[in-house]
Amino acid sequence: MKRVRTCLVVDDSRVMRKVAIRIVEQLEFEGVEAGDGLEALTYCRAAMPDAILLDWSMPVMDGIEFLRRLRAEPDGARPVVVFCSAESRPERIRLAIDHGAAEYIMKPFDGDIIASKFEAVGLI
Amino acid sequence: MTPADLDFVAALVRAHAGVVIRADKAFFIETRLGPVARREKVPGVPALLEKLRQTPDPVLTRQVVEATLMQETSFFRDRAVFERIGKVLLPELAARRPDGRLRVLCAGCATGQEAYSIAMLATDLAAPAAVEIVAVDFGQFPLEKARTGLYTHFEVQRGLPIRRLLAHFDKIDENWRIRADLRQMVQWVELNLLDDLTGLGNFDLVLCRNVLGSLTPEAQTRVLASLEAACRPDAVLVVGAQETPALSAAFRPAGSPGLWQRSPTVAPVPSSASTPVPARTQA
Ligand SMILES: C[S@@+](CC[C@H](N)C(=O)[O-])C[C@H]1O[C@@H](n2cnc3c(N)ncnc32)[C@H](O)[C@@H]1O
């Protein structure tokens, strides 16, 4: 049997996490969640997910800081990270990509966009 | 819209664009014709069609036909096909041309995403500027949008990798506009594919994707014959990944669903191209 892959949804909005989790579950991921970068990092240290859908602006630890620290963790290079943020200025998006995000989703998004981006990075 | 209204519209669309309208499309057709009725200042779709029955005005007919055509498209639609075009076909074709000059035809280009996807792939070549893309559609509105190169937040997130977005687009308010160097690579032509296409010239790569499937068998045969005739002896013809057109023996499958390679040694389209060849299925 194929192992069920996990997708960690990191967003400070509970509603947003719910929406995103429903979508990734339709894409046959197990959806898990974290409310900020630090919570996400704690999760990753315990069990490295296969994919991470990552908001940028969050309290405690933002998405970029989380990504920087994640990549310094043992096995932290493995998760495919897709940013998912309302930030849509090209130079800011480039910054996220330069930090090692595989793809970038600009909010607002829908299921088709997540599916299209996951496909583009080989997750589905 | 009554069944008679739908039949009337279907007959117009079949006669003018060769496109088949299925009976279950009544709701879609009515929604699309609403704005045409408003532009014509008539009280609704039935009145619009009545007006057209009374006086078959060619301009209005055209608008009605255009409004019923499905323009669904996206950037890099069927990713694997574009991967092959970008990594293998374009470089191979360009290498065979001493000056790197390549001509690409997008037949049924809708709002332009397909043509611009090719333009983006061409930027990976040694001489992108030597690639000339001719994009043809029946619809005035989609072509107008294609020409401006302006796409919404949602459109640029369907199939378009973020790196391509950053490399080739500028953000304008909430929309994104493809840059001038790529816009200049494409020539937009308002043309019915049922008409004579010889004026467009010959091509190294011909795309006609997700168009043939909507046509009547006669229209399919006609369009395929025109497209085959537009192919240079070593050209590649690309149809929709799910489409299996009745091509002549000069074309064989080229490694990816929907891709067909013309063989320079097999005689070109026979003059009896109007008799359909049985559809071949690809491995
Ligand atoms: C579904 S879109 C396909 C767009 C694009 N090739 C793709 O695969 O994404 C079909 C397009 O074909 C155009 N079309 C249909 N019949 C046509 C005809 N007889 N002449 C020119 N264009 C036609 C429609 O206007 C529409 O824009």
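Guide: Here is a look at the cavity and its lining. This is a predicted model, where local features need pLDDT of at least 70, side-chain atom pairs count only at pLDDT 80 or more, and totals for chains, interfaces and linings use all residues. Residues are numbered from 1 along each chain as its sequence is written, chains are lettered from A and ligands numbered from 1 in the order in which they are written, and side-chain values use heavy atoms, with hydrogens and water left out.

A cavity is a set of points, on a 1 Å grid over the protein atoms alone, where a 1.4 Å probe fits but cannot get out. The count comes to 1 cavity of 30 Å³ or more. The volume of the largest cavity is about 50 Å³; a volume is the space filled by probe spheres set on the grid points, which are joined across faces, edges and corners.

Now the lining, meaning residues with an atom within 4 Å of a point. Strand E1 (5-10), helix H1 (14-26) and strand E3 (51-54) of chain A each supply at least two residues. Helices (H or I, at least four residues) and strands (E, at least two) are DSSP runs, numbered from the N terminus. H1(A) gives the largest share, 3 residues. Among the lining residues are Val9(A), Met16(A), Leu53(A), Cys84(A) and Lys107(A).

Definitions and conventions: On a 1 Å grid over the protein atoms alone, a cavity is a set of points where a 1.4 Å probe fits but cannot get out, and a pocket is an open set with protein on both sides within 12 Å along at least five of seven lines; lining residues have an atom within 4 Å of a point.
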